[in-house]
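Let's take a walk through this protein and see how its side chains meet one another. Keep the picture open and look up each residue as it comes along.

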Amino acid sequence: MLSNVTLSVNKSSYVDVYGQDAGETYVIFNTSSSVNISNLHSFKVKVHIVHSYSLVIVNMVIGWVYFVAWSVSFYPQVYVNWSRKSVIGLNFDFVCYNLLGFIAYGVFNVGMFWIPKIKAEYTAKHPNEDEDPVEVNDVFFTLHAILLTIITGVQILIYDRGNQVVSLLCKILISVSCLFVFIALMVTIFTDKITWLDYLYYFSYVKIGVTLIKYIPQAYMNFRRKSTVGWSIGNVLLDFTGGSLSILQMIILSYNNDSWDAIFGDLTKFGLGLISVLFDILFIIQHYLLYPQSKHQDYECIQDYEEEHANGKPAAPT
């Protein structure tokens, strides 16, 4: 419901705002005075009504819990590699896709958070948005993820890896992605067909594409080896916790605001989160039900399996 309220310029005034339903609106100010009040036309107050303030607190707690879960999820795999002095069982394609995805996501987050020109373009394109699309914790998470993925990559170089290599398909897809962003960069620099904001969004598209495929090589490798040895279940459980809580937060936020835009307005984000959770469930089933391993299983037999499979020989049962 739209309505106008007249305020006196000669005395202090206030307006009581009562919410009838959950949602949000803006209080916009204007003046009929001959006195020039600069920037009054751009001054507005956002009024936000929710079903329950308790759910706001719950959502904040959920947000921090899944942020911590996702941040910590990189360490179990690093520890497993270090404790075994081996990366046999960890799919190298997964690590390469992960590194590409997080670098792309990092470029997007850093650009949206720190570069004034891009921030100005975003504000001009979304004048009604009063919140930054990227927050400091997003930047920290991405930079932290890149660092831990690089550490995992270094472990691949220095620890026993048997006959495992990065697949040709992975090399092609990563090369195509890098070529895509390079060509787009040249177009952005030398023409006006692509804005810097649009160019930054291309990195988010790369991240989306990576997320769609990055789990497939590891899942197939586990299936082929009939084992999850070398693939950290701790990483999976923490990722599952973070992904599940992220989806739960979106659902609670949509209900509390009486607006399902958080889900249906951003099906890509919701869909990618759901895909990650489904793959985590698959990994959990592989680890605990399909290919349960003895706590003290000899890792050398897994290496023998890899060597025999690479040579086209049948693998001995483990």
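Start with Lys117, which counts as partly exposed because its relative accessibility is 48%, and partly exposed covers the range between the under 20% of buried and the over 50% of exposed. Keep in mind as you look that this is a predicted model. What does the side chain of Lys117 meet in a salt bridge? The partner is Glu121, with 3.8 Å from N to O. Both residues belong to helix α4 (residues 116–125), and they are 4 residues apart, about one turn of the helix. Here's the handy bit: an α-helix has 3.6 residues a turn, so residues three or four places apart point the same way.

How many salt bridges does a search of the whole structure find? It finds 2. As for Asp198, a relative accessible area of 27% makes it partly exposed.

Now have a look at helix α3 (residues 92–114). With 23 residues at 1.5 Å a residue, it should span 33 Å, and its end C-alpha atoms are 32 Å apart, which agrees. At the start of α3, you can find Asn91 reaching out with a side-chain oxygen, to within 2.9 Å of the backbone nitrogen of Asp93.

On to the rings. The count of aromatic pairs comes to 23. Take Phe180 and Tyr202, a tilted pair with 5.4 Å from centre to centre and 50° between the planes. Phe180 is in helix α6 (residues 168–190) and Tyr202 in helix α7 (residues 196–213), so this pair too links distant parts of the chain, 22 residues apart. Phe180 is partly exposed at 38% relative accessible area, and Tyr202 is partly exposed at 21%.

Then there's Tyr215 with Phe279. Their ring centres lie 5.4 Å apart and their planes are at 20°, so the pair is stacked; the cut-off for stacked is under 30 degrees. Because Tyr215 lies in helix α8 (residues 215–225) and Phe279 in helix α11 (residues 267–290), the pair ties together parts that are 64 residues apart in sequence. Tyr215 is buried, with a relative accessible area of 5%, and Phe279 is buried too, at 17%.

Rings can also gather in groups. One aromatic cluster is formed by Trp64, Tyr66, Phe67, Trp70, Phe74, Phe102, Phe140 and Phe141. Phe102 has another neighbour to look for: the charged end of Lys207 sits over its ring, 4.3 Å from the centre.

Is Gln286 buried or exposed? It is buried, with a relative accessible area of 3%. Gln286 is found in helix α11. Leaving out residues up to four places away in sequence, Gln286 touches Ala219, Asn222, Phe223, Thr228, Tyr291 and Pro292.

Note on methods. Residues numbered from 1 in each chain as written. Predicted model: local features only at pLDDT ≥ 70, side-chain atom pairs only at ≥ 80, totals over all residues. Heavy atoms only, no water. Phe/Tyr/Trp six-rings, centres within 6.5 Å; stacked < 30°, edge-to-face > 60°. Helix = DSSP H or I, 4+ residues; strand = E, 2+ residues; numbered from the N terminus. Buried < 20%, exposed > 50% of the residue type's maximum accessible area, 1.4 Å probe, protein only. Lys NZ or Arg CZ within 6 Å of the ring centre and 35° of its normal. Contact = heavy atoms within 4.5 Å. Expected span 1.5 Å × (residues − 1). Polar contact = N/O pair within 3.5 Å; in protein donor to acceptor, adjacent residues only side chain to side chain. Salt bridge = Lys/Arg side-chain N within 4 Å of Asp/Glu carboxyl O.
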